[in-house]
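Subject: Structure handover

Hello,

Here is the structure I promised to pass on. Please open it and keep it beside this email as you read.

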Amino acid sequence: MNSTAKSYGEGVGALSDEQQAATDDAELASLGYQQKLHRTMGAFTSFALAFSMVSINTGIVTLFSDPFTRVGGVGILLWLVVIPLVFCIVMVYSHLAGRIPLTGYAYQWSSRLAGNHFGWFTGWVAFISFAAGTAATAAAIGSVFAPEIWPNPTQLQIQLLSIGATVVVGVLNIVGIKVATRINDLGASIELIGTVTLTIALIAGVFFFFDHTQGLGILVSAHPISKQPIHFVTVALATLLPVSVLLGWEGAADLAEETKDPRKTAPRAMIRAVVVSSILGFVVFALLGIAIPGSVANLLAQPENPVIHLVRLQLGRLAGSFMVVVAFASILACLIANMAVATRMTFALSRDRMLPASGFLSSVNPRSGTPVGAILLITVIAVILNLASGGFVTAIYSMVGLTYYLTYFLTLVAAYMAHRRGDMPSAPPGVFNLGKWLVPMIVVGGAWTLVVIVTLTLPDENHDAAVTTLVALAIGALWWLVSLRRRLNQGTAGPRQGRH
């Protein structure tokens with residue numbers, strides 16, 4: 001352990017803001033970089049960003065019908081299978097975040113634990129996932145809220161709403177991380193308070209006021225709306241709702257260089273975000289299913305978003321309007337967070353000369369502390385993807401889930417390789433540490449990532465997403481083969497290896 005880490009461990013509890021900033025800067029310098037981004041994020045903001053990245057309302061509102069279509073209401077219980085498996089990945093990521101607190105998280109971790117070439121492919125896949133995730137979240141705004149503005153929105157209107165939201169969020173990120181995260185804090189707070197309020201209202205309604213609901217029986221109903229037989233593949237596909245919801249929590253680690261005391265703050269933020277999101281996501285989804293009046297098929301067949309329609313139907317128009325506000329705040333905060341983490345991954349790769357036009361993409365405005373070139377790139381990509389996708393969020397979401405889980409898998413492999421060689425960096429006292437549980441968590445988490453990757457590639461309905469992902473991976477491999485491999489071998493590209 002170096003002297004900086006030692007002093008950090010001995011006195012962190014009593015550090016003033018100035019001392020903490022000096023310690024954070026020294027920690028960053030020990031890892032090879034000079035502080036350029038502005039450290040403004042505290043514990044709540046880090047949690048809010050991770051919580052907004054998960055955005056349980058975004059997933060539930062956009063994918064509510066999925067398990068009912070595939071396996072029936074019993075699909076709700078699949079949350080209880082997915083949650084502990086996701087936690088295995090969260091635990092390993094928290095272990096790594098406390099040891100290598102750098103922007104570009106998985107790229108930096110994999111590069112330092114398994115080599116620069118391995119790190120490039122991990123970083124490229126993470127870049128794809130965040131760039132596509134930003135587009136997917138923007139598309140969700142268009143798909144969900146265009147019907148609230150226009151009675152029968154056209155594809156162009158959906159696209160314009162999605163693109164307009166993307167541009168606004170891009171401008172907010174350019175203005176500065178402090179402004180963007182304050183708005184994100186507000187959106188996350190509205191989502192958290194609104195979701196808890198909705199939960200209480202649904203509990204009261206389900207048990208005391210609602211008539212003719214599906215009731216608890218929906219949780220064991222194995223009658224899919226599609227009327228197709230249930231088999232292993234359909235069950236696996238039905239798990240994709242909680243899988244798709246419980247993504248993005250690692251965004252707190254990606255903004256490590258803009259976080260105060262990131263070794264401790266980022267792991268706590270990720271764990272808290274997943275705990276809160278898992279509990280609220282499962283409870284809200286179950287309550288919504290129980291509260292469905294009459295036929296599930298009829299609810300899902302009407303033109304309005306089924307979640308918003310259900311809330312209006314059972315709790316009244318005012319509650320429906322409240323749900324619209326909460327959902328909009330949630331998805332907008334999710335878009336702000338996605339834009340932030342996508343641009344920081346772009347910045348991290350470019351800072352190490354891993355991408356074309358790295359000088360432009362790694363440039364940081366000294367006044368705002370924001371990587372303006374990276375923000376412009378991600379904004380343009382999100383706009384293009386929304387135009388190409390026709391505003392349909394589901395197809396983009398499929399690619400997002402696959403690339404996220406490829407990133408998880410590659411990171412877990414890198415962690416295992418470093419552990420086997422005895423090269424896992426140490427961490428100061430008080431930082432999250434799995435100890436002897438590191439390998440079991442890697443093994444279980446790695447097995448789960450493989451299951452999800454297979455589910456997101458082999459079934460016929462996921463072939464388009466798999467092909468799109470393969471094309472994106474091929475572009476990264478071609479760039480590595482033609483240009484990057486030589487420069488990595490020469491040491492003119494790649495992470496600036498400092499002391500851990």
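Below is what was found in it, from the whole chain down to single residues.

**Confidence**

Please remember that this is a predicted model. The mean pLDDT is 89, and 95% of the residues reach 70 or more. Helix 6, residues 79-97, has the highest mean pLDDT among the elements, at 97. Helix 1, residues 3-11, has the lowest, at 38. Over residues 1-12 the pLDDT is below 50. That stretch still has 26 contacts in the model beyond near neighbours in sequence.

**The whole protein**

How many helices and strands are there? There are 22 helices and zero strands.

The radius of gyration is 22 Å. A compact globule of 500 residues would have a value near 23 Å, so the protein agrees with that expectation. Along the principal axes, the C-alpha atoms fill a box of roughly 65 × 50 × 45 Å.

Buried residues make up 60% of the 500. The protein exposes about 19,100 Å². Carbon and sulfur atoms supply 67% of that area.

Residues 24 or more positions apart account for 84% of them.

The charges come next. There are 28 positive and 22 negative ones.

Start at S55. This residue lies in the loop between helix 3 (43-54) and helix 4. Is S55 buried or exposed? S55 has 0% relative accessibility, so it counts as buried. The cut-off for buried is under 20%.

The backbone at S55 deserves a look too. Most residues other than glycine have a negative phi. S55 is not a glycine, yet its phi is positive, about 45 degrees.

Helix 4 covers residues 56-63. It is mostly covered, with eight of its eight residues buried. Among them are I56, N57, T58 and G59. I60, V61, T62 and L63 are also on the list of buried residues.

Which residues does S330 touch, leaving out those up to four places away in sequence? They are S55, N57, T58 and E191. S55 is the loop residue described above, while N57 and T58 are buried residues of helix 4. S330 itself lies in helix 17, residues 317-351. S330 is buried, with a relative accessible area of 0%. S330 and S52 are 278 residues apart along the chain, but their C-alpha atoms are separated by 6.8 Å.

D261 lies in the loop between helix 13 (251-254) and helix 14 (262-290). Its phi is near 50 degrees, a positive value in a residue other than glycine. D261 has 13% relative accessibility, so it counts as buried.

**A222, in a loop**

Where is A222? A222 is found in the loop between helix 10 (177-209) and helix 11 (232-238). The residue is partly exposed, with a relative accessible area of 40%. Not counting residues up to four places away in sequence, A222 touches V71, V74 and I230. A222 and R70 are 152 residues apart in sequence and 9.2 Å apart in space, C-alpha to C-alpha.

**Two residues of helix 22**

Helix 22 runs over residues 463-490. Take H463 and L488 in turn.

H463 has its place in helix 22. Its relative accessibility is 35%, so H463 counts as partly exposed. Beyond residues up to four places away in sequence, H463 touches T457 and L458. H463 and S398 are 65 residues apart along the chain, and their C-alpha atoms are separated by 9.8 Å.

L488 is in helix 22 as well. L488 is buried, with a relative accessible area of 7%. Leaving out residues up to four places away in sequence, L488 touches N116, H117, M354, W480, A493 and G494.

Find S55 in the viewer first, then move on to S330, which touches it.

Best wishes

Terms used:
Residues are numbered from 1 along each chain as its sequence is written. This is a predicted model: local features need pLDDT of at least 70, side-chain atom pairs count only at pLDDT 80 or more; totals for chains, interfaces and linings use all residues. Side-chain values use heavy atoms; hydrogens and water are left out. Helices (H or I, at least four residues) and strands (E, at least two) are DSSP runs, numbered from the N terminus. The radius of gyration is taken over C-alpha atoms; the globule rule is 2.2 Å times the number of residues to the power 0.38. Buried means under 20% relative accessible area, exposed over 50%, partly exposed in between (1.4 Å probe, protein chains only). Contact means heavy atoms within 4.5 Å. Accessible areas come from the Shrake-Rupley method with a 1.4 Å probe; for residues, only the protein chains shown count as cover. Lys and Arg count as positive and Asp and Glu as negative; His and the chain ends are not counted. The place of a charge is taken as NZ of Lys, CZ of Arg, CG of Asp or CD of Glu. pLDDT is the predictor's confidence in each residue, from 0 to 100.
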